[in-house]
Number of protein chains: 2
Amino acid sequence: MNSSYHHGDLRRALIDAAVESLGETGPSALSLRAVAKRAGVSHAAPAHHFGDKAGLLTAVATEGYGRFADALERAGRNGDFVDVGVAYVRFAIDNRPYFEIMFRPELLHEDDPDLARAESRSRSVLVRGAADLAGGEPSLSPQAVAAWSMVHGFAELLIGGNFPPEVAGDPEATVRKIATRIRFDPE
Amino acid sequence: MNSSYHHGDLRRALIDAAVESLGETGPSALSLRAVAKRAGVSHAAPAHHFGDKAGLLTAVATEGYGRFADALERAGRNGDFVDVGVAYVRFAIDNRPYFEIMFRPELLHEDDPDLARAESRSRSVLVRGAADLAGGEPSLSPQAVAAWSMVHGFAELLIGGNFPPEVAGDPEATVRKIATRIRFDPE
DNA sequence: CCGAGAATTTGACAGTGTCAAGTTGTCCGG
DNA sequence: CCGGACAACTTGACACTGTCAAATTCTCGG
């Protein structure tokens, strides 16, 4: 029981440390060595578990997609797709460290099977919600693309600080108002 | 006035080199020294002109916002807001190196006055287009937020490779179809 | 023509990711 | 009980990065 050796679940601790670090410094300034130091291990320990910096971020993104799918699923329980949209941007706000990474392919190992699984799960939750709205189409309908794009763009613009105070102040209200009033022309 | 002993306009050459580099390697892997080498100058030359790595990226983003505003303005000439939306995502596709940087505040010097000017210009072009649609409101109406979010989210998701082939194949057609059929309920 | 001042280079420094090799812990078959 | 195999982790090194200070090179106005 040498104290220099980490006996608990180091993989878990490293992911947590990475998320904390991401929350403080943002993705571009994330340092593997800083993460290692925060977890109390040597600078090369992360490489052993994740291979790569991208590997660590992939693990974070995978966990993020898992939580994301959970949140969307929970919000969609009562059949109102507006709630799913609201949950989408709420997740981006509340889990910003995850969200800032999840849609940045150049930072991740896209071929990772776990990541792909988690990704496709949250995508399917999203599409199912949109399909309910549009009338049960299996694939990505134009309506679904539109809805997804809108909530995603809103989240990104909000996080990037591109909105004036009156909309950034209560983003949930704004997205709810918009999502409620929006319609899709047949034809 | 600005002629240097290197050869022409080094500032210009460095921005161009940065854009090329961004196009090849993406923003996260951009190296100041690689940019300098590409421009044929020493590794510390960029610092003199831009102070910082963020300074160089700020200059790139400023130029990007300029071109962006031009493109949106050109597209809005004939009063159809759908064209502006299409131009938005077309810009993201055609000028990906710029677009990938423009909405990433943590990579830039947000307080830079030139950047702020260029930003607010393209924003005002966008809002003016949306105001025409909504009936002349000056500030950011819910409709404008919705429209902006949608085209922006579409562009980001598209660039991130999140869409299946049938929509990524002809993105312009998809965004046009969506933008044409979308409506906004008057309460 | 020359000296001031700007543009650029040179050299150094701390920090980064990644790899190879060494060290330390764990566990299991005898 | 024990020895050795195996995984987890550390140590040390390497090339590369951004940034800064000092030295150099060019330009131009007097």
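User: This is a predicted model, and I would like to begin with its two chains: by what turn and what shift can chain A be laid on chain B?

Analyst: In this predicted model, chain A can be laid on chain B by a turn of 180° and a shift of 0.0 Å along the axis, and the RMSD is then 0.1 Å. The two copies are thus related as by a two-fold rotation axis.

User: Through which surface do the copies meet?

Analyst: Of the interface residues of chain A, 100% are also interface residues in chain B, so the copies meet through the same surface.

User: What describes two packed helices?

Analyst: The general idea is that two packed helices are described by two quantities, namely the angle between their axes and the distance between those axes. In chain A, helix α8 (residues 142-159) and helix α10 (residues 171-181) pack at an angle of about 155°, and their axes are 12 Å apart. Angles over 145 degrees count as roughly antiparallel, and α8(A) and α10(A) are therefore roughly antiparallel to each other. The crossing in which α8(A) passes α10(A) is right-handed.

User: Which residues meet where α8(A) and α10(A) pack?

Analyst: From α8(A) come Met150(A), Val151(A), Phe154(A) and Leu158(A), which meet Pro171(A), Thr174(A), Val175(A) and Ile178(A) in α10(A). Sorted by class, this contact of α8(A) with α10(A) has seven nonpolar residues, one polar residue and no charged residues.

User: Is Thr174(A) buried or exposed?

Analyst: A residue counts as buried when its relative accessible area is under 20%. Thr174(A), which lies in helix α10 of chain A, has a relative accessible area of 11% and is therefore buried. Leaving aside neighbours within four places in sequence, Thr174(A) is in contact with Phe154(A), Val167(A) and also Val145(B).

User: At what angle do helices α4 and α5 of chain B cross?

Analyst: Helix α4 (residues 53-76) and helix α5 (residues 81-94) of chain B cross at roughly 150°, and their axes come within 8 Å. That makes α4(B) roughly antiparallel to α5(B), and the crossing of these two helices is right-handed. Among the residues making the contact are Phe68(B), Ala71(B) and Leu72(B) of α4(B), together with Val84(B), Ala87(B) and Phe91(B) of α5(B). By class, the contact of α4(B) with α5(B) has eight nonpolar, two polar and two charged residues.

User: Where is His49(B) found, and what does His49(B) touch?

Analyst: His49(B) is found in helix α3 (residues 45-50) of chain B, and with a relative accessible area of 34% His49(B) is partly exposed. Not counting residues up to four places away in sequence, His49(B) touches Leu10(B), Arg11(B) and Leu14(B).

User: How far apart in space are His49(B) and Pro171(B)?

Analyst: Separation can be given along the sequence or through space: His49(B) and Pro171(B) are 122 residues apart in sequence, and 38 Å apart in space from C-alpha to C-alpha.

Note on methods. Residues are numbered from 1 along each chain as its sequence is written. Chains are lettered from A and ligands numbered from 1 in the order in which they are written. This is a predicted model: local features need pLDDT of at least 70, side-chain atom pairs count only at pLDDT 80 or more; totals for chains, interfaces and linings use all residues. Side-chain values use heavy atoms; hydrogens and water are left out. Copies are superposed by least squares on the C-alpha atoms of residues with pLDDT of at least 70 in both. Contact means heavy atoms within 4.5 Å. Axes are lines fitted to C-alpha atoms, for helices over the stretch in contact, and angles run from 0 to 180 degrees between N-to-C directions. Helices (H or I, at least four residues) and strands (E, at least two) are DSSP runs, numbered from the N terminus. Angles under 35 degrees count as roughly parallel, over 145 as roughly antiparallel, 65 to 115 as roughly perpendicular and the rest as oblique. A crossing is left-handed if the near helix is turned anticlockwise from the far one by less than a right angle, and right-handed if clockwise. Ala, Val, Leu, Ile, Met, Phe, Trp, Tyr, Cys and Pro count as nonpolar, Asp, Glu, Lys and Arg as charged, and the others, Gly among them, as polar. Buried means under 20% relative accessible area, exposed over 50%, partly exposed in between (1.4 Å probe, protein chains only).
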